[in-house]
Amino acid sequence: MGMIDSFRTSEKFSCPVCGTILSDWQSHESEGLLLIWVQGEKYPLDTELPDECVGDRREFLQSYTLPDEFMIYSYDCDCPYPIELLCHCEDGLWKRSQLFTGSTADKVFAGAETKSAYKKRMKWLRKEL
Ligand SMILES: [Zn+2]
């Protein structure tokens with residue numbers, strides 16, 4: 001396991017390209033706190049950090065909340081790119097998740113890669129490769 005946070009969605013999603021059911025979602029955003037998030041919960045369910053790093057576990061967990069919008073990734077299928085899920089919170093609760101597909105990609109693309117890399121990935125997502 002790397003230094004990642006895990007996320008449990010309430011809906012099931014499958015890869016928009018190959019159709020594999022995706023169940024493991026992750027993000028690096030908390031920088032090694034190894035938090036476990038469950039959709040609909042305000043605070044992390046737990047952390048994989050051992051007690052000696054955490055102190056009071058409940059207090060530790062309740063010091064973290066999710067941002068209004070965040071992106072998580074799944075590497076469950078054999079596709080050359082991770083599958084992305086854009087998640088939205090309302091009143092601090094993770095309410096909705098939007099799969100990054102060929103038709104939604106243009107709306108959610110955050111500009112983190114070069115234009116040519118993005119174009120290539122979109123071709124894959126639209127099954128044009
Ligand atoms: Zn796939």
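Trainee: Is Lys-127 exposed or buried?

Mentor: Burial is judged by counting C-beta atoms, placed from the backbone, within 10 Å of a residue's own: 20 or more others make it buried, 12 or fewer exposed, and anything in between partly exposed. Lys-127 is exposed because 10 other C-beta atoms lie within 10 Å. The model is a predicted one, in which local features need pLDDT of at least 70, side-chain atom pairs count only at pLDDT 80 or more, and totals for chains, interfaces and linings use all residues. Numbering starts from 1 along each chain as its sequence is written.

Trainee: What is the phi of Lys-127, and where is this residue found?

Mentor: Most residues other than glycine have a negative phi. Lys-127 is not a glycine, yet its phi is positive, at about 60°. Lys-127 lies in the segment after helix H4 (115-125); helices here are DSSP runs of H or I with at least four residues, strands are runs of E with at least two, and both are numbered from the N terminus. Leu-34 also has a positive phi, near 55°, and belongs to the loop between S4 and S5. Leu-34 counts as partly exposed because it has 19 C-beta neighbours inside 10 Å.

Trainee: How many helices and strands does the protein chain have?

Mentor: The protein chain has 4 helices and 9 strands, and along the sequence they follow the pattern β-β-β-β-β-β-α-α-β-β-β-α-α. Its C-alpha atoms fill a box of roughly 50 × 30 × 25 Å along the principal axes. Of the 129 residues in the chain, 16% are buried.

Trainee: Which strands does S1 join, and in what sense do they run?

Mentor: Pairing requires that DSSP find at least two bridges between two strands. Strand S1 (residues 5-8) runs parallel to S5, with 3 bridges, and antiparallel to strand S4 (residues 25-27), also with 3 bridges. Arg-8 stands opposite Val-38 in S5, while Phe-7 has Trp-25 in S4 as its bridge partner. S5 pairs in turn with S6 in the antiparallel sense over 2 bridges, and Ile-36 stands opposite Asp-46 in S6.

Trainee: Which residues make up the largest nonpolar core?

Mentor: A nonpolar core is a set of buried Ala, Val, Leu, Ile, Met, Phe, Trp, Tyr and Cys residues joined through C-beta atoms within 7 Å. The largest one has 10 residues: Phe-7, Trp-25, Leu-35, Trp-37, Leu-66, Ile-72, Leu-85, Cys-87, Trp-94 and Phe-100. Strands S5 (35-38) and S8 (83-90) are the elements that give two or more residues to this core. Leaving aside neighbours within four places in sequence, Leu-66 is in contact (C-beta atoms, placed from the backbone, within 7 Å) with Trp-37, Cys-89 and Trp-94.

Trainee: Where is Gly-40, and which residues does Gly-40 touch?

Mentor: Gly-40 is in the loop between S5 and strand S6 (46-47). Gly-40 is exposed because 11 other C-beta atoms lie within 10 Å. Beyond residues up to four places away in sequence, Gly-40 touches Ser-10, Leu-93 and Trp-94.

Conventions
Two residues are in contact if their C-beta atoms, placed from the backbone, lie within 7 Å.
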